[in-house]
Amino acid sequence: MKMALELARQGEQAGEVPVGAIVVLGETVLGRGFNSPIRLNDPTAHAEILAIREAAAALGNYRLEGATLYVTLEPCVMCAGALVAARIARLVFGSRDLRFGGVRSKFRLADSELLNHRVKITEGVLGDECALLLQSFFEQRR
């Protein structure tokens, strides 16, 4: 999660909402990303999506079976769907997203019994630090 937090800080320095993500398989980091929709002019360029894309390219496979995604903020519905589509085994996130959370706060997409793949979810890892980074970012913007 500390690596994801560092990526979130890089995103903040680039003027993006500070969210960072990494995809890990075993001890190897396969993918990294920070929110980049403004920089890339791409509404899908969330940290999780960028990390998943990089990990899939590194493996040469769109299925990331056995991988864990660490992200500083609870994934939105789009990103939760991508976790399922990529067959990510485990999600670890820092703080909840009470407005747009697709994993716990608003929806429970990633481990829904309606889908053919369920992601194991761990929340709250370095949650205070993740939440403070976001709060500080938005306070400075107001």
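Buried residues have under 20% relative accessible area and exposed residues over 50%, with partly exposed residues in between (1.4 Å probe, protein chains only). The legends below describe a predicted model, in which local features need pLDDT of at least 70 and side-chain atom pairs count only at pLDDT 80 or more, whereas totals for chains, interfaces and linings use all residues. Residues are numbered from 1 along each chain as its sequence is written, and side-chain values use heavy atoms, with hydrogens and water left out.

View 1. N41 is found in the loop between α2 and α3, where helices (H or I, at least four residues) and strands (E, at least two) are DSSP runs numbered from the N terminus. Most residues other than glycine have a negative phi. The phi of N41, however, is positive, near 50°, and N41 counts as exposed because its relative accessibility is 70%. R87, in the loop between α4 and β4, also is not a glycine and has a positive phi of about 60°. At 17% relative accessibility, R87 counts as buried.

**View 2. P43 in the loop between α2 and α3.** P43 lies in the loop that joins α2 (37-40) to α3, and its relative accessibility of 66% places it among exposed residues. Not counting residues up to four places away in sequence, P43 touches P37 and M78, contact meaning heavy atoms within 4.5 Å. The C-alpha atoms of P43 and F93 are 21 Å apart, and the two residues are separated by 50 residues in sequence.

View 3. Five strands form an open sheet of mixed pairing in the order β2-β1-β3-β4-β5; two strands pair if DSSP finds at least two bridges between them. At the edges are β2 (28-34) and β5 (120-123), each of which pairs on one side only. Neighbouring strands are turned by 15° against each other on average, direction ignored. Axes are lines fitted to C-alpha atoms, for helices over the stretch in contact, and angles run from 0 to 180 degrees between N-to-C directions. Strands β1 (residues 20-25) and β3 (residues 68-73) are antiparallel over 4 bridges, with T68 of β3 as the bridge partner of V24. Helix α1 (residues 2-13) lies across β1, β2 and β3 at about 145° to β1. Helix α3 (residues 47-59) touches β1, β2 and β3 as well, and its direction makes about 145° with that of β2.

**View 4. L69 and the largest nonpolar core.** A nonpolar core is a set of buried Ala, Val, Leu, Ile, Met, Phe, Trp, Tyr and Cys residues joined through side-chain atoms within 4.5 Å. The largest has 29 residues, of which V23, I52, L64, L69, I88 and L91 touch the most other members. Two or more residues come from each of β1, α3, β3, α4 (77-85) and β4 (90-95), and α3 gives the most, 6 residues. Leaving aside neighbours within four places in sequence, the contacts of L69 include I22, I52, L83 and V92. L69 stands opposite L91 in β4, and β3 and β4 pair in the parallel sense over 5 bridges. Of the 6 residues of β4, 5 are buried, so β4 is largely enclosed by the rest of the structure.
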